[in-house]
Amino acid sequence: MSTDVRAVPVVIVGAGPTGTAAAIELGLRGIECLVLDRWEDVYPQPRAVHLDDEVHRILDRLGVGEQFSAISRPGGGLRLVDRTMRVLGEFARDGVSGANGHPRANMFDQPDLEALLRARMREQASVSFRGGVVVDGVEQVAPSRTIVRFHDVETMAEHTIDAEFVLGCDGANSAVRAAIGSSMLDLGFEQRWLVVDVATNADLRQWEGVHQVCDTTRAATYMRIGETRYRWEFQLHDDETAADFTDTHRLEPLLRPWLGDVGMGELQVQRTAEYTFRAAIADRWRSGRIFLLGDAAHLTPPFIGQGMGAGLRDASNLAWKIAGFLTGRLAADVLDSYEPERAAHARAMIVLARRVGVVMTRGGRMGDVLRRSVVPLLDVVPVVGQQVTDSTTPPLAGSPWIDATRGDRLAGHLCPNPVIDGRRLDDVVGTGWALITTRAVAPSAESTLDALDCAVVETAAGDELATWLGRGRATAALVRPDRSVIASGPDVTRLCAALSTLLAPLPALTSI
Ligand SMILES: O=C(O)/C=C/c1cccc(O)c1
């Protein structure tokens, strides 16, 4: 056993997008953390392909938003088609979302995004990364002390480290989840699908959104994810495996409906792989100061492209809370808000994805007939109809850190991100708290907010923010570092008072 026991405030297990995002968020707040991963480099194969405009804002806050725009391609939205490609329903997402300031659908190749995140993580002075290691044990020995044991894959040298917090971002087979005795609750969806990634210079001339083929005999998904990159997914029959589709003769009949006059010889098949699409959520996301994030906490079928985004939302929800606690500015109860806020949101997105999956794949011949009326179906199932159409995700709820007292119409919602004097609100406000108000702030409240390091954004009638406040029947809104509204209302003084009960002032700078 090595004797290199040392301590670090936060250990992050897993350097996928969720773990890296959490590390960057903590690093930007000066929190020391150690990130451990089985691999030195990012996994080179394509996987997730879509993030929405809300999650693009998270990437902005991490400092990789512009780079992400450069490696991603705006998507056209979602189209449900039958097996003859007749359009059953279309949910267009072309154009930039007014609220968030980014394309509502962003298509990309996961290794490209992971490379950006890794590079950004390495820029954080307080973050260390150790690849080529496997975590063997995570044991909380005292309320603020967890021992993480890991070994070097190459040398087999064993190490231990003390952490105050451990973030399990270690994926679907999470060792951290097992260590805290949490189990995945099956939410009733499990299907084997074939995933086919193709590169080609040929233009397939298809609609630029995601095509979901609703067909009980062979449900399928097609989408363009880059200038020269395309993704197909096909439900596998019970007697099939991905190995049956490695040669182009077997693949051609599957791809042909989208190829027009493009020949198979013009396509480079980058990868065929089998995935089991599941809907599941962890029964507990936390034990003491050990937390689960990303696929360790939830598995979302890919039919609405919300799987990876859920992990980035977890990181964005939790990191400021841990940093606030470790710097003494937030009380420990802020940590209690992570699981209720994120579990309810993740579950809603899983259920929505599962419903789209069911519409696509189940019901036999009668199901095919019913799917012809899928548009009315989406109208009558509000969560599917409204969310698939709007591409907005549900407001956060369920914790005292969202003060959704009766009548507060904005609490839990993301605040908009308009351009103010040439800069987006998120750039103006940075990584901290903000008060958005249509009324001038009284000097006493202003000095309170200043001591709390809470930015004040005054907005005038006719501005986008003022219109948003007006729709919420509020004149001011208090916005958390993750841009969710904690409370809104007509009384700035009450909001300031509320913030002072939650947030300690910045420590005064001591002069020498
Ligand atoms: O609703 C959208 O805009 C995108 C949906 C989507 C994205 C990626 C993969 C999918 O199967 C669906």
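This is a predicted model: local features need pLDDT of at least 70, side-chain atom pairs count only at pLDDT 80 or more; totals for chains, interfaces and linings use all residues.
Residues are numbered from 1 along each chain as its sequence is written, and side-chain values use heavy atoms, with hydrogens and water left out.

The ligand is surrounded by 13 residues, of which His50, Arg93, Gln212, Pro302 and Phe303 are the closest; a residue is taken as near the ligand if one of its heavy atoms lies within 4 Å of it. Polar contacts are pairs of N or O atoms within 3.5 Å; within protein, one atom must be able to donate a hydrogen and the other to accept it, and residues adjacent in sequence count only if both atoms are side-chain atoms. A polar side-chain atom of Arg93 is placed 2.7 Å from an oxygen atom of the ligand, and a polar side-chain atom of Gln212 lies 3.1 Å from an oxygen atom of the ligand. Pro302 contributes through its backbone, with an N or O atom 2.9 Å from an oxygen atom of the ligand. The ligand taken alone exposes 330 Å², and the protein buries 97% of that, accessible areas being computed by the Shrake-Rupley method with a 1.4 Å probe, and with only the protein chains shown counting as cover for residues.

By residue class, the shell around the ligand comprises seven nonpolar, five polar and one charged residue, where Ala, Val, Leu, Ile, Met, Phe, Trp, Tyr, Cys and Pro count as nonpolar, Asp, Glu, Lys and Arg as charged, and the others, Gly among them, as polar. At least two residues of this shell come from each of strand 5 (77–81), strand 13 (210–213) and strand 14 (220–226); strands (E, at least two residues) and helices (H or I, at least four residues) are DSSP runs, numbered from the N terminus.

Strand 5 is joined to strand 6 (residues 87–92) by five bridges, and the two run antiparallel, pairing being assigned if DSSP finds at least two bridges between two strands. The bridge partner of Leu78 in strand 6 is Phe91. These two strands form a hairpin with five residues between them, and Met85 in the turn has a positive phi of about 75 degrees.

His50, listed among the closest residues to the ligand, has Met107 in strand 7 as its bridge partner. Strand 3 and strand 7 (residues 105–107) pair in the antiparallel sense over three bridges, within an open antiparallel sheet of three strands in the order 3-7-4. Strand 3 (50–52) and strand 4 (73–74) each have a single partner strand, so one side of each is left without a neighbour in the sheet.

Elsewhere, strand 12 (residues 184–199) is joined to strand 16 (residues 268–282) by 13 bridges in an antiparallel arrangement, in which Arg192 has Thr276 as its bridge partner. Strand 12 also pairs with strand 15 (residues 229–235) in the antiparallel sense over seven bridges, and Asp197 stands opposite Arg231 in strand 15.

A further open sheet contains four strands in the order 23-22-24-25, with mixed pairing. Its edge strands, strand 23 (454–458) and strand 25 (485–489), each pair on one side only. Strand 22 (residues 433–437) and strand 23 run parallel and are joined by five bridges, with Trp433 opposite Cys454.
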